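Subject: Two-chain model, notes attached

Hello,

Here is the structure I promised to pass on. Please have it open while you read the notes below.

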Amino acid sequence: MAVYLIKRLAASVLTALLASIVVFLMMRSVPGDVVGQMLGQTSDPVATQALREFFGLDQPAWRQYLGWLSRVVSGDLGTSWTRGQPVGGLIGSALLVTLQLSVATLVLATAIGVPLGVVAAMNEGKLVDRAIQSFTLLGLAAPVFWVGLMLLVGISTATGWSPPLLYVSPAQSLRENLSIMALPIVSLAVLQAAAYSQFVRQSVVSAFSDDYVRTAVAKGMTRNVVFFRHVLRNVAIPLVTFMGLILVQILGGAVIIESLFSLPGLGRLMLSAIETRDYPVLQGALLIVVVLAMAVNLGVDMLYRVIDPRVQVG
Amino acid sequence: MTAVETVSPRGGSALLRRLRREPDLAVGLAITAFIAVVVLFPGLFTGYSPLAINVDKSLEGPSALHLFGTDDVGRDVFARIVYGARITLLVCAGALAAAAVIGGALGIVSGFLGGRIDMLLGRLTDVVLSFPPIILGIMVTGILGPSTTNLALALTVVYVPSFYRIARSGAISETGRTYVEAARSSGLGEGRILVNHVTRNVVPLVLMQCVVLFPLVLQIQSALGFLGLGVQPPTPDWGSILQQGKDYILFAPWMSAFPGLAILITALAFMLVSRAVQRRFDRR
């Protein structure tokens with residue numbers, strides 16, 4: 001296990017390194033930089049030169065990259081070019097918002113999606129199953145930001161209430177925070193609950209056609225007993241993998257939902273960094289996203305091996 | 001569009017019987033066919049121009065005159081959606097085709113040859129896949145600058161790895177078959193084997209993947225449009241219409257409701273078709 005873990009970690013670090021090089025090269029390959037944005041079109045060449053030197057943009061790209069990398073390795077993500085604040089702090093506070101959104105969405109989507117999938121599978125072919133499958137299809141086909149917009153319209157026309165525009169952290173006031181986060185969480189969760197329910201239904205249906213289930217049924221066990229004693233345990237294993245997949249998807253979806261509901265999360269940070277060509281912020285945020293996604297995948301893989309001893313450690 | 005061909009191997013009556021047995025496929029194909037007509041002949045559906053500004057009539061609700069209402073500068077929302085279908089779906093289809101060709105070719109070569117090339121391409125794929133798709137899309141369109149070309153490029157980059165993986169595993173399993181060995185021992189050159197046997201058998205997998213991925217591509221395409229990173233105004237595009245409607249969401253919800261519905265219905269149609277195609281594949 002330890003050897004496998006080290007191998008996986010090494011591969012992940014290599015991938016993250018390559019990803020950061022790709023991002024770096026892309027950012028330097030396009031015309032226009034932060035200096036041009038700051039000084040506008042009719043800028044004085046002396047000031048331009050001075051600012052470029054200040055940001056290190058006069059250096060060759062590889063040296064800029066190595067400089068960035070060596071600072072990152074020592075835990076310093078640099079300073080934002082447009083805000084003058086440390087990138088680490090900016091990402092940290094944005095990450096908290098995104099993580100709250102993502103984790104709450106994951107919990108809600110699991111709580112809705114898994115039971116729906118089970119109910120559909122247990123009533124395969126019946127009306128309940130069809131109704132749940134229709135919901136699943138609609139949920140998968142609907143664009144996540146559109147669901148958010150429609151919920152916003154629906155609720156504000158029905159009740160006259162619309163969420164506050166200024167973000168409040170849960171530490172300041174949990175109640176206000178929840179009233180801001182509720183709609184974003186629900187809009188994201190609808191889609192992911194649909195994905196869950198489809199996956200769970202399929203796993204349960206296929207588990208019911210396995211030999212061990214047929215034996216149990218032949219012994220005279222009822223479907224429900226078979227489900228709780230045998231099927232559930234076997235479905236739990238692929239479900240863990242699927243959860244990881246969903247979490248990575250939620251991270252992506254969160255970016256769009258954040259911009260819709262003006263939440264100061266990673267997505268908003270990235271979009272504004274792109275707009276102002278604030279490279280250190282963008283590079284740092286992308287690095288964090290990649291590392292997060294990798295950590296989720298690695299964690300799932302480890303968990304998978306713990307739950308299912310049949311999986312060979314290789 | 002392409003899906004129509006895959007279901008009719010034995011003429012009309014067999015197709016009809018199949019459609020009766022699989023109503024979801026029938027619905028999916030019917031909607032797809034309708035969308036194809038909208039894409040080809042938008043003028044049949046509306047007399048309004050998608051670009052004609054009429055400030056006097058801005059933000060009017062749905063009426064007999066303007067079926068889906070008007071937007072902030074008085075353009076007919078229905079016309080914008082009808083004409084937007086062409087741009088939205090062409091971008092998706094174009095990006096998907098490019099990703100299928102590039103990813104498919106690389107995957108076949110990688111799986112057939114193995115060795116260093118396979119290793120190198122596998123690493124690159126891991127790098128691309130290490131980004132959540134939408135974030136990769138934001139990165140490419142954001143850094144290169146928002147435009148229709150860069151949007152298509154971004155979508156291509158996002159989906160090349162899925163085609164690469166499918167084609168690679170298809171090529172590996174095909175290369176291991178006895179008939180390839182037989183072909184090889186009967187003196188057929190590697191190039192001929194690659195083209196005549198391996199590629200021919202991997203192509204159906206790639207085509208099926210196109211149908212499966214289409215709704216996902218549409219989602220990402222419209223999400224990027226919604227973020228302002230896609231097709232630029234005034235060109236009508238479903239995601240971009242939603243982006244313009246966002247600021248008026250409480251006063252003019254029709255600006256957002258209908259383009260979103262268009263995305264939903266299109267994605268739904270392709271999902272229904274792809275499920276039926278997958279069922280057929282599984283049975284084989």
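A charge counts as over a ring if NZ of Lys or CZ of Arg is within 6 Å of the ring centre and within 35 degrees of the ring normal. A:Arg28 meets that rule: it lies over the face of A:Phe24, 4.0 Å from the ring centre. A:Arg223 does likewise over the face of A:Phe208, at 4.3 Å from the ring centre.

Some ground rules. The model is predicted, so local features need pLDDT of at least 70 and side-chain atom pairs count only at pLDDT 80 or more, while totals for chains, interfaces and linings use all residues. Residues are numbered from 1 along each chain as its sequence is written, chains are lettered from A and ligands numbered from 1 in the order in which they are written, and side-chain values use heavy atoms, with hydrogens and water left out.

Interface

Chain A and chain B touch. On the chain B side, 36 residues are in contact (heavy atoms within 4.5 Å) with 42 residues of chain A. Together the two chains bury about 3,500 Å². That area is the accessible area (1.4 Å probe) lost on being put together, summed over both parts. Carbon and sulfur atoms carry 83% of it.

Five residue pairs are in polar contact, both at pLDDT 80 or more. A polar contact is a pair of N or O atoms within 3.5 Å; within protein, one must be able to donate a hydrogen and the other to accept it, and residues adjacent in sequence count only if both atoms are side-chain atoms.

On the side of chain B that touches chain A, the elements giving two or more residues are helices H5 (115-129), H6 (133-144), H9, H10 and H11 (254-283) of chain B. H11(B) gives the largest share, eleven residues. Helices (H or I, at least four residues) and strands (E, at least two) are DSSP runs, numbered from the N terminus.

Aromatic pairs

The whole structure holds 13 aromatic pairs over all chains. Rings of Phe, Tyr and Trp (its six-membered ring) pair if their centres lie within 6.5 Å; planes under 30 degrees apart are stacked, over 60 edge-to-face, the rest tilted.

B:Phe34 and B:Phe45 have ring centres 5.6 Å apart and planes at 85 degrees, so they are edge-to-face. B:Phe34 is in helix H3 of chain B and B:Phe45 in the loop between H3 and H4, so the pair ties together parts eleven residues apart in sequence. B:Phe34 is partly exposed at 47% relative accessibility, and B:Phe45 is partly exposed at 28%. Buried means under 20% relative accessible area, exposed over 50%, partly exposed in between (1.4 Å probe, protein chains only).

B:Phe68 and B:Phe78 are also edge-to-face, with centres 5.0 Å apart and planes at 85 degrees. Both residues are buried.

In chain A, A:Phe54, A:Phe55, A:Trp81 and A:Tyr279 form one aromatic cluster.

Backbone

The peptide bond from B:Pro233 to B:Pro234 is cis, with omega near 10 degrees. B:Pro234 sits in the loop between H9 (190-226) and H10 (238-246) of chain B.

A:Ser262 has a positive phi, near 50 degrees. B:Leu59, not a glycine either, has a positive phi of about 55 degrees.

Best wishes
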